[in-house]
Amino acid sequence: MSPQEFQSATLAELESVTDIHASRWSRYFNSKIAMTERTMARAADCLGMDKVQLLQAINERRRRTRELLAARLEERTIA
């Protein structure tokens, strides 16, 4: 999976590829929990990335998630 494909992958798809539960992926993306180095190595291997690529992809997805949540909050405030 390329870093670009990772950005658009659903939590279910990530679970299927990595065998890491979707709810854990959600927590990683929302910075609720940190991924251990062992888990990161395993996930990177399953995804065909190195650990640095995976960390960059996770950080980019976190950034996009924060932007999306901020936009939704702004829409609710305006409405």
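Predicted model: local features only at pLDDT ≥ 70, side-chain atom pairs only at ≥ 80, totals over all residues.

Me: How many helices and strands does the protein have, and what pattern do they follow along the sequence?

Reply: Helices (H or I, at least four residues) and strands (E, at least two) are DSSP runs, numbered from the N terminus. On that basis the protein has 5 helices and 0 strands. Read along the sequence, the pattern is α-α-α-α-α.

Me: What percentage of the residues in the protein is buried?

Reply: Buried means under 20% relative accessible area, exposed means over 50%, and partly exposed lies in between (1.4 Å probe, protein chains only). The C-alpha trace spans about 45 × 20 × 20 Å along its principal axes. Of the 79 residues in the protein, the buried share is 28%.

Me: What share of the contacts with a separation of 6 or more joins residues 24 or more positions apart?

Reply: Contact means heavy atoms within 4.5 Å. Among contacts in the protein with a separation of 6 or more, the share from residues 24 or more positions apart is 44%.

Me: Which residues of H4 are exposed, and where do they lie relative to the buried ones?

Reply: In H4, Thr39, Met40, Ala43, Ala44 and Leu47 are buried. Seen down the axis of H4, these buried residues fall within an arc of 130°, so they line one face of the helix; the arc is that of the directions from the helix axis to the C-beta atoms. On the other side of H4 the exposed residues are Glu37, Arg38 and Asp45.

Me: Against which helices do the buried residues of H4 pack?

Reply: Helix H4 covers residues 37–47, and just after H4, Gly48 takes a positive phi of about 75°. The buried residues of H4 pack against helix H1 (3–8), helix H2 (11–18), H3 and H5.

Me: Which residues of H3 are buried, and against which helices do they pack?

Reply: The buried residues of H3 are Ala22, Trp25, Tyr28 and Phe29. They cover an arc of only 115° around the axis, which puts them on the same side of H3. Their packing partners are H1, H2, H4 and H5.

Me: How are H3 and H5 oriented where they pack?

Reply: Two packed helices are described by the angle between their axes and the distance between the axes. Helix H3 (residues 22–29) and helix H5 (residues 51–78) pack at about 75°, with their axes 9 Å apart. Axes are lines fitted to C-alpha atoms, for helices over the stretch in contact, and angles run from 0 to 180 degrees between N-to-C directions. Angles under 35 degrees count as roughly parallel, over 145 as roughly antiparallel, 65 to 115 as roughly perpendicular and the rest as oblique, so H3 and H5 are roughly perpendicular.

Me: Which residues of H3 and H5 make this contact?

Reply: The residues of the contact divide into 4 nonpolar, no polar and 2 charged. Here Ala, Val, Leu, Ile, Met, Phe, Trp, Tyr, Cys and Pro count as nonpolar, Asp, Glu, Lys and Arg as charged, and the others, Gly among them, as polar. The contact is made by Trp25, Tyr28 and Phe29 of H3 and by Ile58, Arg61 and Arg62 of H5.

Me: Is Asp19 buried or exposed?

Reply: Asp19 lies in the loop between H2 and H3. Its phi is near 65°, a positive value in a residue other than glycine. With 65% relative accessibility, Asp19 counts as exposed.

Technical notes: Residues numbered from 1 in each chain as written. Heavy atoms only, no water.
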